[in-house]
Protein chains: 2
Amino acid sequence: MVLVSPRNPLNIGAAARAMANFGFDQLTVVAPYEPHWREACSAVGAEALLQNARRTESLAEAVADCTLVIGTGTLTSRKAEQKVVSLPSLAPLVEQELAHGGRIALVFGSEKHGLTRADLSWCQLLVEIPTNERQPSMNLGQAVAVCLYEVATRALPSAPGAATPVPITGQAAAPSASLDLLAGVVEETMLAAGYSPRSMQAANRHDLRLLLRRLAPNPGDARRILGLFRRVLWRLRQTHEGR
Amino acid sequence: MVLVSPRNPLNIGAAARAMANFGFDQLTVVAPYEPHWREACSAVGAEALLQNARRTESLAEAVADCTLVIGTGTLTSRKAEQKVVSLPSLAPLVEQELAHGGRIALVFGSEKHGLTRADLSWCQLLVEIPTNERQPSMNLGQAVAVCLYEVATRALPSAPGAATPVPITGQAAAPSASLDLLAGVVEETMLAAGYSPRSMQAANRHDLRLLLRRLAPNPGDARRILGLFRRVLWRLRQTHEGR
């Protein structure tokens with residue numbers, strides 16, 4: 001589980017407690033606010049979990065080894081840029097990914113504004129908790145509890161409500177870090193090829209990140225595409241220098 | 001939803017917030033601790049719900065008009081005296097009760113010790129959230145969120161995951177208050193008949209309450225049984241006086 005910039009120590013403690021309740025133990029925190037993080041580390045029932053939590057500076061780093069990155073949130077004002085699934089329908093997707101040997105991250109944004117558009121561009125999937133339209137926004141600790149309850153009871157192999165194991169066909173997608181590496185080379189290629197002006201660079205980077213997650217190439221294909229772009233880039237630079 | 005003697009204002013607020021999130025609006029609080037209750041009433045996103053909450057002195061009063069009373073908790077140290085169901089299996093029971101025109105109460109105990117054995121004797125059913133044995137005890141606000149999520153998404157008629165409506169056969173059980181009335185007359189009868197010593201009165205009362213909830217008579221049958229016991233009691237007293 002990944003918490004991006006959590007603020008309230010009570011919420012951090014509650015999120016960790018819910019993890020312990022449902023048998024999850026790998027927590028990564030992205031750019032926590034230091035004093036609040038230290039305060040949270042004494043949360044009842046989740047001390048060990050919080051003390052063993054991994055800390056990263058960026059979400060990219062937090063999900064680097066994951067093959068399925070699932071963002072959480074409610075889309076009140078914006079349109080999703082990736083596939084959206086309602087929480088009660090999430091289990092089969094998680095089961096399938098685990099059957100393929102994949103590694104999954106469930107990402108929660110800060111209490112204030114949830115996951116940003118940039119955060120979400122690292123996610124293949126956005127899961128929505130079906131809440132009442134008059135009060136759609138959930139407390140962070142409660143949202144974590146509800147999501148982990150659903151996954152633990154309906155998607156994990158030991159879950160009482162889990163379906164019979166999915167036969168292993170196909171392959172897990174390439175991990176997030178491979179996609180980021182590929183995106184970097186594609187971006188350099190776009191620049192080197194004069195594909196679009198430098199002013200569009202941030203927007204292109206965002207769209208590219210999403211595109212690669214929609215494609216979800218498997219590790220072999222990701223390597224192949226990377227090889228191709230590296231070659232193209234080398235060529236472009238040679239040509240340019242040779243002019 | 002019924003909260004029995006909640007203590008922590010943050011938990012009361014979180015419970016109310018979860019109700020608003022999942023579209024529930026009828027809250028009853030049993031014997032709240034006054035200062036904390038007042039403090040909780042300003043919880044973000046649930047002010048109206050908390051201000052409209054009904055307050056009762058006893059759980060019996062809180063569930064008087066309910067036909068299915070569901071207690072919540074984890075049975076770590078004691079054996080259940082009523083039917084226990086795991087939360088992921090609760091939906092069909094709730095659906096059926098609603099299809100029969102029943103009225104359901106979901107009861108949560110205080111943070112400190114959950115529902116007492118006495119509280120549970122008003123419940124026909126005990127629902128357990130399947131938590132990890134190393135950290136089974138959930139935070140109150142999170143337990144409420146998880147239970148209401150499950151009911152809202154899988155048992156209510158509008159739920160995306162709800163099964164096709166159950167055909168209406170049978171009838172909802174008699175409400176809790178009728179069972180209490182009946183229990184009172186049966187108890188007087190037991191005493192009048194010298195069925196057991198007065199020292200056993202509390203234990204008998206407890207067992208009787210549970211027995212009636214296991215029987216779950218429909219309203220007509222509850223009236224019939226009551227009529228019978230009233231007659232028997234009248235007779236016992238007459239005989240006694242006539243001696």
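These notebook entries record what I looked up in a predicted model with chains A and B.

**Entry 1: the sheet of chain B**

I began with the strands of chain B and found that seven of them form an open sheet. I noted their order as β3-β2-β1-β6-β4-β7-β5, with parallel pairing. I then asked which strands stand at the edges. They are β3 (54–56) and β5 (83–86) of chain B; each has a single partner strand, so one side of each lacks a neighbour in the sheet. I recorded an average twist of 25 degrees from one strand to the next.

**Entry 2: one strand pair**

I next looked up strand β1 (residues 2–4) and strand β2 (residues 28–30) of chain B, which run parallel and are joined by three bridges. Within this pair, I traced B:Leu3 to its bridge partner in β2(B), B:Val29.

**Entry 3: where the chains touch**

I turned to the contact between the chains, where 25 residues of chain B meet 25 residues of chain A. On the chain B side, α1 (9–21) and α7 (140–154) are the elements that give two or more residues. I found that α7(B) provides the largest share, seven residues. By class, I listed eleven nonpolar, twelve polar and two charged residues on this side of chain B.

**Entry 4: the nonpolar core**

Last, I examined the largest nonpolar core, which has 130 residues. Among those with the most contacts inside it are A:Met19, A:Leu148, B:Met19 and B:Leu148.

Key. Residues are numbered from 1 along each chain as its sequence is written. Chains are lettered from A and ligands numbered from 1 in the order in which they are written. This is a predicted model: local features need pLDDT of at least 70, side-chain atom pairs count only at pLDDT 80 or more; totals for chains, interfaces and linings use all residues. A nonpolar core is a set of buried Ala, Val, Leu, Ile, Met, Phe, Trp, Tyr and Cys residues joined through C-beta atoms within 7 Å. A residue is buried if 20 or more other C-beta atoms lie within 10 Å of its own, exposed if 12 or fewer, and partly exposed in between; C-beta atoms are placed from the backbone. Two strands pair if DSSP finds at least two bridges between them. Helices (H or I, at least four residues) and strands (E, at least two) are DSSP runs, numbered from the N terminus. Axes are lines fitted to C-alpha atoms, for helices over the stretch in contact, and angles run from 0 to 180 degrees between N-to-C directions. Two residues are in contact if their C-beta atoms, placed from the backbone, lie within 7 Å. Ala, Val, Leu, Ile, Met, Phe, Trp, Tyr, Cys and Pro count as nonpolar, Asp, Glu, Lys and Arg as charged, and the others, Gly among them, as polar.
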